[in-house]
Every structure is written in structure tokens, then in C-alpha cells.
Amino acid sequence: MPINSPKYKLIFNPNAGKKRQTFGGQKPPTLEEIKALFTKYQMDVDYEPTKRPKHATEIAKQSVKKGYTAIIASGGDGTIGEVANGLVNTNETLGILPLGTYMNTARMLSIPTEFEKAIMLMKIGRTRKIDVGEVKKINGEKLSEPYYFVENVGIGI
């Protein structure tokens, strides 16, 4: 790996995209197909699957502590949101490989729906800052730690 190149961690949801054909009309790629594309673009990536709700947040926080500089969320909007929660207030980059059912976050950020194009975008290293929203209370109860969201939040009135 060249000096100053990103140290990549891919956090993937093994169940993402199983409800549909997939975003962009493609079938979800296998992990082997994803690995082959990262190899094709000479990106040294470590992989870790999520196993339960909020696990992606835990993995993202651990990845920052371990020195990863680019953490890639591979899944749907929920996985992206969880990874983003682990990266708020850090200098690490959030990459997005859209594999979920609707992919509102990827659409909002103009992330390509073709997996190879999304990986090419990561390879060139084009980044931008995005806003996050913060939820501190639910039903009037203060949360033990804030919950952040990157695309939308719903409330009942």
C-alpha cells in the first residue's frame, strides 16, 4: 500500500438486498464478487459482517480505534446509518456500497447504483462533508447517548 493511502474496513450486512432484485435492477453481489472488485482496483480491504442490530456502530468505533481511515458501509440505509453513528465526530471517511432495498441515502448522495462504479468512486478518493441530525430524546426520555441520522427521520404527530 502506498504511503498515505487509506486503510479500508468494509462492514457488511449479509442480509442486505434480499427483499428485492436490488437497487438499480441488479442482483446483490456475493461477498466474493465484492472482494474481486476491490482487488481489481487495488484496494486492500478488511471485511467484517454485522451480526445483530447496532453491531455496525460497534464495528465502526472499533475500526477507528484500530486505525482504519475509510470505513465502508455495505448494506442498506440502516447499515449506513449505524456505521455513520460510529464515525460522527471522527476524521474517518464513510464509504457507501449500496446493497439495500431502497437506498435513500445513496440516492441523496448521488452514489452510483452499479457496484463497480461505487467502488471506483471510493478508489479516486473524492469525499465531501455531509450534515447529520441528532436525536437526544425519545418519548421525553433522554437517551444514554445521542442517535445520529444522515438522511431522514420520522416522527408521529
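Leaving aside neighbours within four places in sequence, Met43 is in contact with Tyr8, Phe38, Ile119, Met122 and Lys123, where contact means heavy atoms within 4.5 Å. The structure is a predicted model, in which local features need pLDDT of at least 70 and side-chain atom pairs count only at pLDDT 80 or more, while totals for chains, interfaces and linings use all residues. Residues are numbered from 1 along each chain as its sequence is written, and side-chain values use heavy atoms, with hydrogens and water left out.

Together with Phe38, Val83 and Leu97, Met43 is listed among the residues with the most contacts inside the largest nonpolar core, a set of 35 residues. Such a core consists of buried Ala, Val, Leu, Ile, Met, Phe, Trp, Tyr and Cys residues joined through side-chain atoms within 4.5 Å. At least two core residues each come from strand S1 (8-12), helix H1 (31-40), helix H2 (55-65), strand S3 (70-75), helix H3 (77-87), strand S4 (93-98) and helix H5 (115-124). In soluble globular proteins, nonpolar side chains tend to be buried together.

Now for the overall layout. The protein chain holds five helices and six strands, and from the N terminus on its elements follow the order β-α-β-α-β-α-β-α-α-β-β. These elements are DSSP runs numbered from the N terminus, with helices (H or I) of at least four residues and strands (E) of at least two. Of the 157 residues in the protein chain, 39% are buried; buried means under 20% relative accessible area, exposed over 50%, and partly exposed in between, with a 1.4 Å probe and protein chains only. Where contacts join residues at least 6 apart in sequence, 64% of them link residues at least 24 apart.

Ala84 counts as buried because its relative accessible area is 8%. Beyond its neighbours within four places in sequence, Ala84 touches Leu94 and Val150, and its C-alpha atom is separated by 7.7 Å from that of Phe149, 65 residues apart along the chain. After H3 comes Asn89, with a positive phi near 70°.

Helix H2 has buried residues His55, Ala56, Thr57, Ile59, Ala60 and Ser63, and their cover includes S1, strand S2 (45-49), S3 and H3. His55 is buried because its relative accessibility is 8%. The side chain of His55 reaches the backbone nitrogen of Lys51 at 2.9 Å. With neighbours within four places in sequence left aside, His55 is in contact with Pro49, Thr50 and Glu82. Gly67 follows H2 and has a positive phi, near 95°.

Two lysines sit over tyrosine rings. Lys7 lies over the face of Tyr68 at 4.7 Å from the ring centre, and Lys35 lies over the face of Tyr47 at 5.1 Å from the ring centre. The criterion places NZ of Lys or CZ of Arg within 6 Å of the ring centre and within 35 degrees of the ring normal.

Technical notes: A polar contact is a pair of N or O atoms within 3.5 Å; within protein, one must be able to donate a hydrogen and the other to accept it, and residues adjacent in sequence count only if both atoms are side-chain atoms.
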